[in-house]
Structures are given as structure tokens and as C-alpha cells.
Amino acid sequence: MTALDEVKIGGLGASRRRVEDSRFVRGRGNYTDDIKLPGMLHMEILRSPLAHARITSIDTSKAWEIPGVRLVLTGEMMAQRNLAWMPTLSYDTQAVLATDKVRFQGQEVCVVVADDPYIAKDGCEAIVVEYEPLPPIVSPEQAQAPGAPLIRDDKEGQTDNTCYRWEVGDRESTERAFAEADHVSRLKLHYPRSHPSPIECCGSIADFNPATQKLTVYMTTQAPHIIRAAVALVAELPEHMIRIVSPDIGGGFGNKVPVYPGYVASILCSILLGKPVKWIEDKSGNLSSTGFGRDMYLDSEMALRADGKILAVRLRADTDQGAFFADAQPSKFKIGLLHSAFACYDIPTGHITAQGHYTNKAPGGVAYRCSFRVTEAMYFQERMVAAAAADLGIDQAEFRRINLLRDDQFPHRTAFGFLVDSGQYGKCLRLGLDAIGYDEFRKDQEIARSRGRRLGIGISTMTEPLGAGNSREYDILGIKMFDSAELRVHLTGKAILRTGAKTQGQGHETTWAQIVSHELGIPAADVVVEEGDTDTAPFGMGTYASRSTPVAGAAVSMVARKVRAKARKLAAHLLEVSEEDIEWELGRFFVRSAPDRGATIQECAMAAYSNMPDGMEPGLEFNAYYDPPNLTWPFACYIVTVEVDPETGVWDVLRVVAVDDCGVRINPMVVEGQIMGGLTEAYAVSSMQFQTYDADGNIVGSNYMDYLLPTSWETPGFELHEVVTPCPHHPIGAKGVGECAAVGGPAAYVNAVLDALSDTGVRNIDMPLLPDRVWQAIQDGQDVSGAPPIRSAEEEVTNAYR
């Protein structure tokens, strides 16, 4: 008997094919809309066509007359049950159905429940709502203007459109550094509103059983236990009588973390009717009303020495939160982890101030494939670094070399208080520059420019804090952000693992089993993974903000070690030696003095049910709740080359090189897929995804003709490289990778285009870098802002004929 080959049994390092795909590629996934319950009714939502308006009357009489309509619910009816408003995950309140006025286009006004969804839609169309239009606000600048209309006049004591103020850093030392600087670089940026756009929209099936008084809700949520807690608070039902089931999810990306009015309305409708009520959102509803990401403005300064050393940074951020502060952020950090900016650079001091603002838009700011506003932090960071290098006339790669943390500086305490514990930043940068052929490209760029062609190269070096969860600092609604795992090894040596996480495409069913295999030597194929049912899964905070591997994955490792510790006692009993004489190698215990005498993990499992020593409790199963001691800090270097057509503003990506250090890789194939997906999302937001608002508060981008998703035709190819620096505190040394490319990638694309325009005087073009914006910048030699409001279609037509 010898140790097992870990790769062969599907442990760490094995590019094991995804278990989930077996059902997905056959069309056998089980999504919320696939679930059909006896007597199930269907709910549709009537949404507001206006961004800001007083509701003067609602006439539902025609809807009630339609055969098959079972219920028409208004905000006033919900108010009678104290359900017209609900708490948000950011300690604000949000209207479930509007009562006094509507505050964004697409807001929920009424719901209709009918025998089928088509009758319910007819019922919505039969409702007559009279509105008194009010002036809309579509940007923080308008929200702060003197005399701006008060959006949240429902909130007692609210006198302006500010929903939070926050600051971090050392103001005095930062001011001293700026006073001593040889040069100050300044840049104003807008990270535009983006939408996660999951393939599957939001939806729920609420099933209240009047006989048992138990509520079961099947729904598209990334955080089932948090939703259960929120439903208990809103619906005033005891938590143990609520079951949340999150089946297969067709993508989440942060969009399916918040509590949405449709969930609450379907629950009330089921309680009132005593029947299951299904609500499935359509694409326009998802794009116009559910959780957005980004929409942040930055006014930044960087204090610099003449030799390129960064002395300090000063940032002022303004976020557009929409009509309600409804995104999920850790309670202490109203602007998320924006202060993770510059964590990979050796910067002595800095200061950040931030404000959030109510506007007449759908609630925004979700952690869209990022760890709570880290995407904005890394984009602003890398755009500032590129601009500062250009201002000083220092090559962008050299500027980074000067300021990146050296290997001997870890662990490093940042200017904003984070502890960055490990990394090889210089090595990643060198590998990326060598792979792209940086020096040769610079020579080719000069030759091309002399011939009228515009080539550009952009770099983004970033580190992202992952695994928000140490209970000293991180909670949501007061619940600490730990996570959990429960492992049960059956007597035959097969196992079932349940966690408090919830996969939406990350591959948990595949990779969690690989961690168990690594710790116990049980073949990964013998481990079944279950998630998403609050009646069976241990309490956890769900999956978002790259918490999977850093927190839930660590919990899996720790619970497997608990199992192994008990199995060691069983092995000692079977081998008739003391526990101190037992050694472990993958898959088996053996006697130190007689290596040939051993017991496999499967034999120990059988003994746990049939031959345990006196005084030992039978069975081989444990729970583990993991509270991480620190965040994990993956690092990446992304380098992009482009060519810009000066006649049209069209830009093409020539090459994309990615160097990722995500610590120990559980499944290299899954890691590579995550990186490629993130780089694709980064390309999309930098080049084509246009979601904004006109002066009347009308959303531009509520369909996929206006809000573009890249297909395989547009998506560039990616060249992937790796560096491995194990995380010193994670049980298996993993850091996480699911969001890094989406977080760090956008700046690389934008920096490349602006590098191609470096001789024009243009320092910034706000994303997306649409061809007309790039062309305008080339023609005018000036920066181009993409901040709303844009001109309405009527204004465009009028201007065209002037």
C-alpha cells in the first residue's frame, strides 16, 4: 500500500472536467423557471414609465375583470400589511410597490397574479396609473445642486440627496506630502454604470402552506441564508418556518445578491392566496430595475517625486446609488473596499473621502464580479498610474517597477490599513513584459506612427482583496461574514459535502470535491457536493465578492481535517497502536515503525460505523465554520496591445497577455476559464457596454440592442501565464481568481487606446471607448466624458436638422 497519486484521483492540481457540465450540456439543469408546483399561479409586475413622478391615482378595476386574474396588488394594499417598504442590505429602506411616488423608470408599481403569465401581463396592461411628473436627477452633480428636488422625501430627517459620507486615511500627512511633491498629477474619471447581465433573470416561486404555516421559496439567489433572514424580518415569519432553495443559477455576478421587490411581492401573494406563486423577470425588467454595478466618479491627485516615486494619493469619490441604497456592502465600509486602491504599490500615505447620492435611477452599486467596489478601485488606480507616468515622461512599465512592492516588503501595511501578506509583483510584471515583447513593440510602435498607424500598449498591475469575512471587521446586517462546510463520510468511504456557499458557475461541485480529495485521499468522483437549500446546508453567507475559495473553500479544507483527525484515532484502533505512532500519507494511515501496516481512509470510514473504539461516538461527519484571519491578495498583470484607426475611431485588440498569481490552483482548467471570462467582461465594459440615462431619466441600455454583450466574433484571444505564491494563512494556500481579470482588465484596454493617442494631448476617454468618442478625442485633442445625462433622441433629431 502506497500513497495515492493526487492528480489521478482528482485532487489539487488536476484539471478535472466540471461535474456540473454533464447535466448542463444535456439541458438537464434545474433552474427556478423549470420548477412547476401543483396549483401554481403566475405573477407579473407593472413598472413605472417615468423616472420621478407623484402617483395621483391607480385604477385596477379593468384588471380584476379579466378572466383568470386572481389578485391585483398595489402599494397601498401592501402598506395595510406593513409590507410596502422593506429594509435593504445597506441599512436603507426600499419600496416594494410604490405608494407615494415613483423614483426611477422601471420601479415596481403593481403586481397581478393570474392562472398563466400571459393573463397576468394582460392584467398589468389593463391597470391605469395617473402620474404627476417631477424633475428627475440622473447624476451626483445634479443631486448636489442647490434647489435639487428631494428624492427620498419618505425618510424622516432626510434634507438632501446624500445617502452616506465616508473617509479613510491620514489627511494631515497626505497634505504634507503634496506640499513637498515635485509634481502633482490630477485626473477626473467616471466608471460608468454597468449591468451584470446574467443569462438567467431573477425569479422566485413562493409556496406558503396554510396547513403547516411553512413558507418555501425557490429563487435565484446567491445568498440563500441571508435572504431567509431578510424574509423573516420583512414577512414577520419565524426563521425556522422559512425554507429558501436556490437551484441551478444561470449566472449571478452580484446581480442576485440583493432582496428584490418581486421576491417579497410573490411571497405576500402566496400567503394571501394559499397557492404557489411564480414570478420570472423578463430581460428588460432585469436590465432596467435590478442591481447595477459601478457608476462612480473620481477626482484624484497623486503627489510625485521627479524620479517617479509616488509620495501620496488623494481621492474623492462620488457614487450614484440610484433611488435606494440597496447594494450589499460590509457594514463598516459604505463605499465597499475602494480603499484597497494602491495596495500593490509602496505608497507612504493617502486620504480618501467619499459620498453616496440618491438619484432617479434603479438602485446600483452591487459587487458586480468584484470584491465590493474593488473594480472601481483598481480601474482608478491603474488609470492614475498611467497618467502619472505620462505626466513625468517616464515609461509606464518603469514607473510601475519603481513603485510596486518588492518581495522583501511583505507583509506590508498599506496607507489605508490593509495587510498585504504575500506576492511576487516584480516577477509577474517581468513575465508579462517578456511575453508581450514590450521593448520590441515600442520600436514597432514608433515605426508604425511614422507611417500614420496608431499602435498602443496598456498595462494594468493590480491586487484584489478577496474573502471578506474576518469577523473583526466584516458583516452584513450584523451577521459576521464567515462561511461553513459540513462533510459526511459514509461507511463505504463515499462522501457528501454541503456548504453555505452557492455556485452560479464557479464550479463548486467540481473543485470542492478536489479539496476533500486533497485532504483525505477520497477520489473526487466519490464526493457529492450540495448547496443552496437552507433546510440542509449549514449557515453561510453565500457566494459573491470572490468569497468562494478564500472562505468557503477554506471551510471545506478545515472540515476535512476534522474528519481526518477522527479517522486517525480509528486507524490507531484498527492497527492496535497508539495514535502517536500513526503517520498519514494521501489516502492511508500507517504505523511509523512498520510502513507496510496501514489502514485506508475507506477502512477507517467503515470502522466509524462498525468497529469504533470504546467511548468513541459512531459516525464520521463534522461541521466547520471558517472565520479567515485576513483577506487573501491575488495579484495580476494584464497587458494589451491595440491598433486605433484615426479615421473612424475604431480600435482592434491585437494581443492580450495575462499573468495571474492566485496562489495554489485547485483546478487549473477552471482557473483558466475564470480568467478568460473575466478578460471578456473587461473588454466588454471598456469597449461596448453603454448603459446611461437621458435628461428625463429614461434608461438607455434596457435591451441587448443598446447594451451589447461580446460574442465569440468580437472577443479577442488571450495568452495566459502563471506565478504561484501560496497564501500564508489559507489552509491550502489558495487566494482566489474568479474576479481578478474582470477587476484589473478594463484599465489595460483603456490604457492601450490612450497610449496609441499619446501624442494628441488626450489624457482620458471615459468608458466605454466607443468609436465616436475615440474619433472625437483625436479630432479635438481633448478628453471625452461619458457621464450622463446624454441628450434625448428628440434632441439628437433636432440638432441634426439645425
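Buried means under 20% relative accessible area, exposed means over 50%, and partly exposed is in between, using a 1.4 Å probe and protein chains only. Keep that scale in mind. Take D153. It has a relative accessible area of 33%, so D153 is partly exposed.

Some ground rules. This is a predicted model, where local features need pLDDT of at least 70, side-chain atom pairs count only at pLDDT 80 or more, and totals for chains, interfaces and linings use all residues. Residues are numbered from 1 along each chain as its sequence is written, and side-chain values use heavy atoms, with hydrogens and water left out.

Side chains of opposite charge can pair when their charged atoms come close. Here a salt bridge is a side-chain nitrogen of Lys or Arg within 4 Å of a carboxyl oxygen of Asp or Glu. How many salt bridges does the structure hold? The count is 57.

D153 pairs with K101, and their closest N and O atoms are 3.3 Å apart. D153 sits in the loop between α5 (140–144) and β9 (162–169), while K101 is in strand β6 (residues 101–102), so this pair ties together parts 52 residues apart in sequence. A word on those labels: helices (H or I, at least four residues) and strands (E, at least two) are DSSP runs, numbered from the N terminus. Is K101 buried or exposed? K101 is buried, with a relative accessible area of 1%. Both residues belong to a network of salt bridges. Its members are R54, D92, D100, K101, R103, R152, D153, D154 and K155.

Two other pairs. R305 forms a salt bridge with D307, with 3.0 Å between the closest N and O atoms. R305 is partly exposed at 36% relative accessibility. D307 is partly exposed too, at 44%.

Next, E473 and K332. They form a salt bridge, with their closest N and O atoms 3.9 Å apart. This pair links distant parts of the chain, 141 residues apart. E473 is in the loop between β20 (454–463) and β21 (475–476). K332 is in the loop between β16 (310–322) and β17 (349–358). E473 counts as partly exposed at 30% relative accessibility, and K332 is partly exposed at 45%.

Now cysteines. A disulfide is a covalent bond between the sulfur atoms of two cysteines. The rule here is a pair of cysteine sulfur atoms within 2.5 Å. How many disulfides does that give? The count comes to 0. C163 is in no disulfide, and the nearest cysteine sulfur, in C370, is 17 Å away. What about C344? Its closest cysteine sulfur is in C637, at 10 Å, which is too far for a bond. C344 is buried, at 0% relative accessible area.

On to strands. Two strands pair if DSSP finds at least two bridges between them. Strand β12 (residues 214–219) and strand β13 (residues 242–245) run parallel, joined by 4 bridges. From β12 the chain crosses through helix α7 (residues 224–235) to β13, and this β-α-β crossover is right-handed. Right-handed is defined like this: with the strands pointing away from the viewer, the path from the first strand over the helix to the second runs clockwise.

Next, helix α19 (residues 771–780). Which of its residues are buried? They are R773, V774, A777 and I778. Seen down the axis of α19, they fall within an arc of 135°, so they line one face of the helix. That arc is taken from the directions from the helix axis to the C-beta atoms. What covers these buried residues includes β30 (635–644), β31 (651–661) and α18 (740–756). Just after α19, G781 takes a positive phi of about 65°.

Between α18 and α19 there is a loop, and P768 is found in it. P768 counts as buried, at 1% relative accessibility. Contact means heavy atoms within 4.5 Å. Not counting residues up to four places away in sequence, P768 touches several residues, including P192, V685, F690 and R773. P768 and Y191 are 577 residues apart along the chain, yet their C-alpha atoms are separated by 9.0 Å.

Last stop, V69. It lies in strand β3 (residues 69–74) and is buried, at 11% relative accessible area. Leaving aside neighbours within four places in sequence, V69 is in contact with A63, V112, V113, A114 and I119.
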